[in-house]
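Colleague: Could you take a close look at a single part of this model for me? I'd like to hear what surrounds it.

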Amino acid sequence: MKHKALEPQDVRFNSLSLSASGPEAADYVPTEKILLSCGGTDGPDSDNRKWTTDIGSKYLSANAKSITSSAATQDPSVPTVPYMTARVFPSNFTYSIPVVAGRKFVRLHFYAASYAGLNASDGVFSVTAGPYTLLNNFSAAQTTEALNFAFLVKEYSINVEGATLDISFVPSAKAPRAYAFVNGIEIVSMPDIYSSTDGTLMIVGQGTPFYIDNTTALENVYRLNVGGNDISPSHDTGLYRSWVDDLPYLYGAAFGVSYSAADNMTIQYPTGMPTYVAPVDVYDTARSMGPNPEINLNYNLTWIFSVDSGFSYLVRLHFCEIQGNITKINQRVFDIFLYNQTAQPGADVIAWAGEQDGVAVYKDYVVLVPNGSPQQNMWLALHPDRSSKPNYYDAILNGVEIFKVNGTNGNLAGPNPIPAPKQDVIDPTRTRPSPGGGKTKNQKAIIIGCVSGGIFLALVLGFFLIVASRRRHRKDSSASDGPSGWLPLSLYGNSHSAGSAKTNTTGSYASSLPSNLCRHFSFSEIKAATKNFDEALLLGVGGFGKVYKGEIDGGATQVAIKRGNPLSEQGTLCARPALNPTLPKEQVSLAEWAAHCHKKGILDQILDPYLKGKIAPECFKKFAETAMKCVADQSIERPSMGDVLWNLEFALQLQESAEESGEGIGGMGIEEEPFVPYKGKKDPDASLGFDGNVTDSRSSGMSMSIGGRSLASEDSDGLTPSAVFSQIMNPKGR
């Protein structure tokens, strides 16, 4: 997708001028681009950006004491550069960096590990940059544990008045063995794209102006590419910002529909808006509420952000109408709510863009979060505005940026987040039947034989959903039939999903299964618990094997144990088994491989070749998002079974709508071509990870059926959604 300036013209609406001319838009070229690998060597990072060692650097304090050290351990998800080395400060230390006066992005990189034999939990310190306090009594170890991050990036926008930027690290005086450290320091000069001094930036709920000028420092706490994939720093607009997928921040089950701009649409930037405000990849993807007006009127499309109390926040929302049917004013109008207050009534993106689609715009708002608990939730919600009777009851969003604004004393530091309490270590010797004649209350537990069950349940259901929608003979439908009338279960209080608990730090997730929460069993213990898999103890048959009732801890704990069937070829949307040990390590688990492909935006390329060209893009995206939700690291982000069914029903409606209109089928960029079996390359990016023993679902030997009818070989005419999901009621499972 290309981006360019608008062609010469003069379109005006509500005092908005879109006169523009010029060549192809270019990225910003920073005056300074300093990437310091603290305690490390020169070399590129995983994004191919070149870092320079600070060893022997002119930036170091001549008299202050510091040591360099390698990290004692490395989490598999942590890049080597710049996180595997650090500079450690036992006392106050300052980097003095010559710069040209002006605004800079300052990014501090932290990986909480043991350096030089020191305890990671003793790394408690403060950081200042010029007159601003960036961090106060900051603990990287506590923050990464609380947020379940493997490493941290703290990003700030600071205006430098003089010719030198001083960044000081001060060990906490409150901890006897405290020290400071840093793994990497970035300084990138930036244009002044977040300031507002003309009185047009308003405080939500108050209607009073808010000013951001050269005395204001900002901390970026969230930056989302809504409806799209992660955008790495090297794919930003020369400012080296990181944009992340919005899916983890969505609230509840009703998370709308994501989509991309049509291939023939070129994203344009209006006059007065620099093309480096946000990359074209932000504007050519979006999330809307969906095609059903009755559903949209009964819920809010909502994101949740945890923020520090007692600060003001600059919220920038990015918009671009990229659906070809939205080209006129009053077609899609919606209200924007921030922190439970109306930020913008009657938002009309086409009106803001001078009645042109494909034109990028953004809107800024300031939210005041009062003092209270250390962190509070900031809700961003969109809802259709009915007052002007628009053509579509819908809403749209392309990107979000949220910045904390410094207080009057120059402070940006908030408290360390509090980790969730840990569960006691499971000790089988502590649980025994009571010696008396009374009955012991059995504890319930489930030993999970396949950690990826959530995604495969969604995949199996999704396969049935797609096949069921491929009906050759349907009842005639008309506008008079009206909508189906189904609504999200969460609207009736039946949903157990909740918002994300993510907070204001960028980082990478580590494993979400602490060792103290896991109990391991030998095969002999499992055989004893199930009396050698006695068929009398059979509870049911699942897609991956049989489930048996068992007892452990002397009968005090009842468990359900699934014995995996190695001949199972479930994994239904990608025409390969869920687990295939013959594949390269990164592809053995279909759940993990699918998540990897989804993050890279190539999930459609591991689709069963037989299904290519038969699934509507909107349906596929909704289905993929549901599956990714099912295997979220944080349990609070995983949907309930009711939510899963609701989203799959929604996907079915999207598929049927596309089929009835005759549009959108096969529009995911999937070319119909002869299938080439995968031969087992080790590079995860060199192949799409098909099993070499599988061609497509028609010849893979999979036996898919509903009510005894084959889905791969028989016509699925007449199947109803109730039939599709009837297997859930069948005690024999799949």
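Modeller: Happy to. Glutamate 186 lies in strand 16, residues 184-189; strands here are DSSP runs (E, at least two residues), numbered from the N terminus. This is a predicted model, where local features need pLDDT of at least 70, side-chain atom pairs count only at pLDDT 80 or more, and totals for chains, interfaces and linings use all residues. Residues are numbered from 1 along each chain as its sequence is written, and side-chain values use heavy atoms, with hydrogens and water left out.

With a relative accessible area of 1%, glutamate 186 is buried, a word that stands for under 20% relative accessible area (1.4 Å probe, protein chains only). Leaving aside residues up to four places away in sequence, glutamate 186 touches Ile34, Leu35, Arg49, Trp51, Phe105, Val106, Arg107, His109 and Tyr240, where contact means heavy atoms within 4.5 Å.

Two of these neighbours deserve a mention. The side chain of glutamate 186 makes a polar contact of 2.8 Å with the side chain of arginine 49, and another polar contact, also 2.8 Å, links the side chains of glutamate 186 and histidine 109. A polar contact is a pair of N or O atoms within 3.5 Å; within protein, one must be able to donate a hydrogen and the other to accept it, and residues adjacent in sequence count only if both atoms are side-chain atoms.

As for sequence against space, glutamate 186 and glutamate 32 are 154 residues apart in sequence, while their C-alpha atoms are 9.9 Å apart.

Terms used: Helices (H or I, at least four residues) and strands (E, at least two) are DSSP runs, numbered from the N terminus. Buried means under 20% relative accessible area, exposed over 50%, partly exposed in between (1.4 Å probe, protein chains only).
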